[in-house]
Structure formats: C-alpha cells, structure tokens
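This briefing is intended for reading alongside the sequence and the coordinates.

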Amino acid sequence: MSLTQKDKAAVKALWAKISKSADAIGSDALSRMLTVYPQTKTYFSHWPDMSPGSAPVKAHGKKVMGGINLAVSKIDDLTNGLLELSEQHAFQLRVDPTNFKILSHCVLVVVSSMFPNDFTPEAHVAFDKFLTAVALALSEKYR
Amino acid sequence: MVEWTEQERGIITSIFSSLDYEDIGPKALCRCLIVYPWTQRYFGAFGNLYNAEAIKSNPNIAAHGVTVLHGLDRAVKNMDNIKATYAELSVLHSEKLHVDPDNFKLLSDCLTIVIAAKLGNGFTPETQAAWQKFLAVVVSALGRQYH
C-alpha cells in the first residue's frame, strides 16, 4: 500500500490547508490519545502534568506535528528523510509501534473535527496511507 | 458485563438522539468503502463502486448505510446487554454474510471520523472515549458468535 503520486498530491493539498493549525492539532491529538487510550500515559510518567491541554502536552504535540511536517517535505523518501527520528524512536524512545496507529487515529479524528469540509473520504484515504507510511519509516530501525 | 458510568450513558444516548441517520449512515459506509477499498468485497451486488464519486452517489450503498446505523440503535437501547442483543446479528454476519470481523473495526473508525466532523469541538476527548468504548463493545458482540 505505497503512496501513489495521487496520494502524495492529496496529502500536500490537505497539509497546505491544515498546517497553520499544526500546533493545535498536535495538542488536541495528544490530549485525546492520553484520554481515550490511557495505556499511552505510561510513556509520559516523567511529565508533571498529563492533563489535556497542559503545557507538556502542548509542547509535545507541537514537536510531533513538526515531525509530520518534516515527513510531508520528505514524502518521496520517508525512510531516508526520517532516519534520525527513526533511530531516536528505536534506540531511545522505544515506543511500541502499535502506538503509532493509535496516535495516527487521533490525528485523523482531530483533522476531521477541525476541517470537516476538507477532510473528504479522498483526503482521508491519502492521509491515512501517509501516516501509515510515516509509522513504518519510524519503526525502520527497531529490529 | 460491561460497566457504564452515568456520564457515558448520557454521552451515547445524546449523540444518537441528535443523529440524522439518513445523513450519517451513508457517509460512514461510503467513507469505509473509499478509505478501505477491500471492504467493497461484500458489496458486489450493489452496483457501481468503481470510484469515490460512484460510491457516494450509489443509492444501494446509501440505503445500506442507514440500515447499519439503525442496527446500532439496538445497542443504544440495550446498553447493559449488547452481547445478547447482537447474538442473532453476529450469527448472520458470520454464517450468511461471511464478513471478516476485522471489518467491523474499520467501519467503526470511519463512523468515529464522521461523528467528529459533525460534532467538531463538541467531540471532546471524554466524548470520544465513551463513543469508542461503545463501538468497541458493539464490535466485540458482533464478532462473538463466529466460530
């Protein structure tokens, strides 16, 4: 299920519309993930405050969306483009890859709620494929 | 048995009482067929599913989307006994329709996305948690009678 030219174009078109809200999307997606999938909180026990919209959550949401922004720019070669992030996730963060799917789902929910008219089924399928490809690139170095 | 808080019950019944079945049902099913095209395998007799436009304007798909959503009604009305409520439907999906139960999750994710689009800010993290818990119970009940 690799990204076609049509997928890449759809992702870039959607990103152009939503990227100025990237920080808000990241914060909301992360807040949702921690609430809807409480097991994900295990990765953030070092935060003083894990509540939705808290400072650590907002800052981290921004970081994650920065990664997605990078991925959009490297969409033609995610494996190489996200090499550093992949090593970080494999050797330092060691986030279980199931969680990539969970966070991706939360991102999709947020984009749908914030941009109901732009997040058409066609945009949805392309963006879902993209986030799946990003997750795959991020888990490249795991084993 | 599944435990529901008063808050969760309130969230689920409130969402369903405000739903336009004729709108949300078709939207969720169409999205599922477009985002996860392999789900089209169950709709060979429904006519033209050749592309997104065809799917969105297919009256058989629209009608079926409404049917599926009304099916969820039963779970809303019997939240304390969803497993038993869906026993027959589970047998139907297994024995007659031969639907891979993994597909239930795909449709439920699309329904979540469609509800998020409708409720916007109203689809808070707590609302999403209750909604997804409800759908997870439904999905589990529908797969229960498979053997």
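**Helix packing and chain contact**

In this predicted model, the axes of helix H3 (residues 55–73) and helix H7 (residues 121–138), both of chain A, cross at roughly 100° and come within 11 Å of each other. Because angles of 65 to 115 degrees count as roughly perpendicular, H3(A) and H7(A) are described as roughly perpendicular to each other.

**Residues between H3(A) and H7(A)**

- From H3(A), the residues A:Ile68, A:Ala71 and A:Val72 meet A:Phe130, A:Leu131 and A:Val134 of H7(A).
- Classed by residue type, this contact of H3(A) with H7(A) comprises six nonpolar residues, with no polar and no charged residues.

**Annotated span in chain B**

- An unreviewed UniProt entry lists residues 3–147 of chain B as "domain: Globin".
- The span of residues 3–147 of chain B is 70% helix and 0% strand.
- The end C-alpha atoms of this span in chain B are 26 Å apart.

**Contact between chain A and chain B**

- Chain A contributes 20 residues to the contact, and chain B contributes 22 residues.
- About 1,700 Å² is buried between chain A and chain B, with 61% of this area on carbon and sulfur atoms.
- Of the area that chain A buries against chain B, 27% comes from A:Arg32, A:Pro121 and A:His124, more than from any other three residues.
- One salt bridge is counted between chain A and chain B.
- A:Glu122 and B:Lys56 form a salt bridge, in which the closest N and O atoms are 3.0 Å apart.

How values were computed
Residues are numbered from 1 along each chain as its sequence is written. Chains are lettered from A and ligands numbered from 1 in the order in which they are written. This is a predicted model: local features need pLDDT of at least 70, side-chain atom pairs count only at pLDDT 80 or more; totals for chains, interfaces and linings use all residues. Side-chain values use heavy atoms; hydrogens and water are left out. Axes are lines fitted to C-alpha atoms, for helices over the stretch in contact, and angles run from 0 to 180 degrees between N-to-C directions. Helices (H or I, at least four residues) and strands (E, at least two) are DSSP runs, numbered from the N terminus. Angles under 35 degrees count as roughly parallel, over 145 as roughly antiparallel, 65 to 115 as roughly perpendicular and the rest as oblique. Contact means heavy atoms within 4.5 Å. Ala, Val, Leu, Ile, Met, Phe, Trp, Tyr, Cys and Pro count as nonpolar, Asp, Glu, Lys and Arg as charged, and the others, Gly among them, as polar. UniProt positions are given in the numbering used here, feature names are shortened, and annotations may be inferred rather than shown by experiment. Buried area is the accessible area (1.4 Å probe) that two parts lose on being put together, summed over both. A salt bridge is a side-chain nitrogen of Lys or Arg within 4 Å of a carboxyl oxygen of Asp or Glu.
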